[in-house]
Amino acid sequence: MLVLAVALCAAARLTALAGAADAIPLAVPGTAVPAETAPATLLRPATLRAAFRVPRADTALYVGTPWFVRDLTVTVVGPGARRDVLVGNTDLPGRMLGVRLPGDAWQADRIELVATTVSAAAPPYVLSADQLAEIGWRSWSYAAFFGLFIALALFHATFAPLLRSRAAAWYAGLAAALAGLLVPWLGVVRPPPEVSQPLHALLQSAAYVCTLMFTRALFRELRVDRRLAGALYALVGMNVVAVAGGDVLQDLWALPDPLAQGLAIAMALAFAAYGIAAVRANLAGARWYLAGAVLAALGALAMLAPGGGAFLRSAPQLALAGEALLFALAVAMQLRHDARERVPLAADDRDGLTGILNRPAFDAALAVAWNRAERARSPLAALLVDADRFKAYNEAYGHLAGDDVLRRIARVIAAAASRRDDVAARYGNDKFVLLLPDTDLAGARYVGEAILERVAFLAIAHPAPPLKRLGVSIGVASLLPQHGGTATAGDLVRRADAALYVAKTMGRNRVVSDEPFPAATAST
C-alpha cells in the first residue's frame, strides 16, 4: 500500500508538472513572445515580463526586441536546478537588442524574460537564424536608401540657391528628413528610446511638412480648389499630431494602427489629387509628381495587407525611394521649363542708371508672364510706381541728386520683387513697374502699401508742401488671363496706369486699385 501511495503521488506530481509546462506558451520563431506589461509611455517606462518555451530548431534561435525595449534579461530555467542568465546586447544585425538562446533551450522548463519598455504595442520576438539574416539583408537595403536620400539632399541643397528654386530647397529638406529616419536602421548606432522616439517624431513631421511645402512651391502657379488645399493642410497636421503623440505618449495615445495608417493613406491620396490638378493645368513636372504621389499611396496601402512576404514588408521603403526619385524628376522638369521660358537678359536689358530691367526687357517678360498665367489660370498683377513732383525735386536739388533718388526708389521696387518670377523694371524716366504673377488685386495692393511705407522710411527731403518729403503714387491692377478672352497683357499695364492717374489726381502719395472690368474679372 505504501508503494502504491508513493507511486500515485509521483504520478500526480508528474501530471501537475506536465500541466504547468503545457500552461507555458510555446513561442514559434517569427512570432511575438506573449508578454505582460502595464501601459507605458516615453515619460513613464514599464517593466515587461514574459515566460515561454521554444520548439526544437535546426538552427540557432534568438530573442530580439524592437526600439521600444531596453535593459533586456533572459533566463533559461530547467530542467532541474539550471538557471542560465543572458544579458541582452546589440551585436545582432541592425544593432538589435537581443540574445542568442542555447542550442538546448527547447529542453528548458521555461524561458523568463524581463525588460524595460516604453510601449506594450511591440513585444519581443523569437527569431530563427534565417529570419535574422533577412533583417541583416534589410539593413543593407536601408544603407542604400540612406545613400540615395543623402545624395539627393546634397544635390538639391547645392543648386537651390544658385537656381533660386524654392521647390528644390524644400525637396532637399524632404530628402534630408527621409535620410535621417533611416539612421537607426543602418546598424551603426542604437539610440535609447528617449532619443530615438522624439527624433523619429521630429524627422517624420519634417518630412510631412517639407512634402507639403515642396508641392506648393513646385506648382506655385496652380490655383486649386480651397477644399482640396484645406484638406491637404488638415491631413498633414493630423499626421504630424498622430506621429508626435504616438512617439511620445505611446500606449496612453492609443491611436489604433488602422486609424494611423488610414490618415497616412488619406494624406498620400490628397497629394495625388493635387498632382492630378497640376496635370490638368499642364504644369511642368506634374506627371512625374503624380506618379511619385501615387507610388507613395500604394506603399502606404501595402502596410494594410495581412501577412505578406519580404516584398510587402519592404514596399513602404521601396515606395519612398521611388517617390523621391520621381519628385526629383519633377523638379528637373520644372527647372528645365523655367529655363526655356525665362527671357534671356543681355547687357543692354538693364537700365543704365538703376540697374533693374529697362522697358524693352520688361515688355518681353510681360509677354512670357501673361502666357504662363493664361495656362495656369492664375491672376497676374502689375504696379506702376511714379515719384511725386520729381521735376520740382530736380529743379531744387539738381539732376545728380535726382539720379540718386531714382536709384534708391529702384532698390525699394527690386526688394519688393522677392519671388523668383517677380519682375521689377524702370518703365520710363521717374516711373517704375512691378509685375507679380499669381497675385490678385488684394495681394498686389498689399505690396503697393509696403512700397509706399518703405519709400516714406527713406525720408527724402522735398521742397514741395505739404509733407516736405518725397513720396510715390502707385496704381495697381490685376487680371485673370483667359484663353480666347479679349483682355491682353497691354490691358493690364493700361489699367495700372489709369489707377496711377487717379492716385495723382487724389493728392499723390497713395495706392489706388483698379476696378476690374467684366471681360476679364480680376480676383479680389
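Predicted model: local features only at pLDDT ≥ 70, side-chain atom pairs only at ≥ 80, totals over all residues.
**Entry 1: a strand pair.** I started with strands β10 (residues 380–387) and β12 (residues 431–437), which pair in the antiparallel sense over 7 bridges.

**Entry 2: the whole sheet.** Next I asked myself how many strands the sheet has, and in what order they come. There are 5 strands in an open sheet, and reading across I get β11-β12-β10-β13-β14, with mixed pairing. At the edges sit β11 (423–428) and β14 (511–513), each with pairing on one side only. On average, neighbouring strands here are turned by 20 degrees against each other, if I ignore direction.

**Entry 3: helices on the sheet.** Helix α12 (residues 441–458) packs on this sheet and touches β10, β12, β13 (472–479) and β14. I noted that the direction of α12 makes about 165 degrees with that of β13. Helix α13 (residues 489–505) packs on the sheet too, touching β10, β11, β12, β13 and β14. For α13, the angle with the direction of β13 is about 145 degrees.

**Entry 4: α9 against α13.** I then checked how helix α9 (residues 359–376) sits against α13: their axes come within 9 Å and cross at roughly 115 degrees. Angles of 65 to 115 degrees count as roughly perpendicular, so I can call α9 and α13 roughly perpendicular to each other. Which residues meet there? From α9 I wrote down F362, L366 and W370, and from α13 A489, L492 and V493. Sorting the residues of this contact gave me 6 nonpolar, no polar and no charged.

**Entry 5: one arginine.** Last, I picked R70, which lies in strand β4 (residues 69–77). Is R70 buried, exposed or partly exposed? Its relative accessible area is 25%. Buried would need under 20% and exposed over 50%, so R70 goes down as partly exposed. R70 and T116 are 46 residues apart along the chain, yet I found their C-alpha atoms separated by 5.3 Å. Leaving aside neighbours within four places in sequence, R70 is in contact with P45, L97, A115, T116, P193 and E194.

Note on methods: Residues numbered from 1 in each chain as written. Heavy atoms only, no water. Pairing = 2+ DSSP bridges. Helix = DSSP H or I, 4+ residues; strand = E, 2+ residues; numbered from the N terminus. Axes fitted to C-alpha atoms, helices over the stretch in contact; angles between N-to-C directions. Contact = heavy atoms within 4.5 Å. Parallel < 35°, antiparallel > 145°, perpendicular 65-115°, else oblique. Nonpolar A, V, L, I, M, F, W, Y, C, P; charged D, E, K, R; others polar. Buried < 20%, exposed > 50% of the residue type's maximum accessible area, 1.4 Å probe, protein only.
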